[in-house]
Amino acid sequence: MRDDLYETKAPKQTVSITVNSDLYAKAKRSGINVSQVAEQAVADAYSKKRREMIAAEIQQDLAALDDYATRHGDFAELVRAHY
């Protein structure tokens with residue numbers, strides 16, 4: 001089962017962000033929901049950061065596994081030899 005990136009039904013929170021006033025005015029006149037776009041941009045950035053953190057954790061785990069194999073021998077080979 002895959003974890004949701006974030007709780008989509010969580011209550012909204014008012015925050016303050018700073019954007020170019022001309023860009024904001026043009027976006028608003030064009031019918032762009034700036035809050036929705038900002039929320040999606042934050043979700044995308046968080047998703048990317050989360051993927052990077054998970055990839056770094058996997059690399060760390062693989063390095064630990066390699067270190068174990070170097071010190072104690074390959075675990076799979078140890079199991080095969082035992083059984």
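In what order do the elements of the chain run from the N terminus on? They run α-α-α. This is a predicted model, with local features needing pLDDT of at least 70, side-chain atom pairs counting only at pLDDT 80 or more, and totals for chains, interfaces and linings using all residues. Residues are numbered from 1 along each chain as its sequence is written, and side-chain values use heavy atoms, with hydrogens and water left out.

**View 1. The whole chain.** The chain holds three helices and zero strands. Both are DSSP runs, numbered from the N terminus: helices are H or I with at least four residues, strands are E with at least two. The radius of gyration is 23 Å, well over the 12 Å of the globule rule for 83 residues, so the chain is more spread out than a compact globule. That radius is taken over C-alpha atoms, and the rule is 2.2 Å times the number of residues to the power 0.38. Along the principal axes, the C-alpha atoms fill a box of roughly 70 × 25 × 20 Å. Buried residues make up 4% of the 83 residues. Here buried means under 20% relative accessible area, exposed over 50%, and partly exposed in between (1.4 Å probe, protein chains only). Accessible areas come from the Shrake-Rupley method with a 1.4 Å probe; for residues, only the protein chains shown count as cover.

**View 2. Asn 20, before α1.** Asn 20 sits in the segment before α1 (21-29). Its relative accessibility is 47%, so Asn 20 counts as partly exposed. A polar atom of its side chain lies 2.9 Å from the backbone nitrogen of Leu 23.

**View 3. Helix α2 and its ends.** Helix α2 (residues 34-72) has 39 residues. At 1.5 Å a residue it should span 57 Å, and its end C-alpha atoms are 56 Å apart, which agrees. The expected span is 1.5 Å times one less than the number of residues. Asn 33 caps the N-terminal end of α2. A side-chain oxygen of Asn 33 lies 3.2 Å from the backbone nitrogen of Ser 35. Just after α2, Gly 73 takes a positive phi of about 95°.

**View 4. The nonpolar patch.** Tyr 68, Phe 75, Leu 78, Val 79 and Tyr 83 form a nonpolar surface patch, with about 550 Å² of accessible area together. Patch residues have over 30% relative accessible area and no salt bridge; nonpolar side chains (Val, Leu, Ile, Met, Phe, Trp, Tyr) are joined within 5 Å, like charges within 9 Å. A salt bridge is a side-chain nitrogen of Lys or Arg within 4 Å of a carboxyl oxygen of Asp or Glu. Helix α3 (residues 75-82) gives the most to the patch, with three residues. Tyr 83 lies in the segment after α3. Tyr 83 is exposed, at 75% relative accessible area.

Terms used
A polar contact is a pair of N or O atoms within 3.5 Å; within protein, one must be able to donate a hydrogen and the other to accept it, and residues adjacent in sequence count only if both atoms are side-chain atoms.
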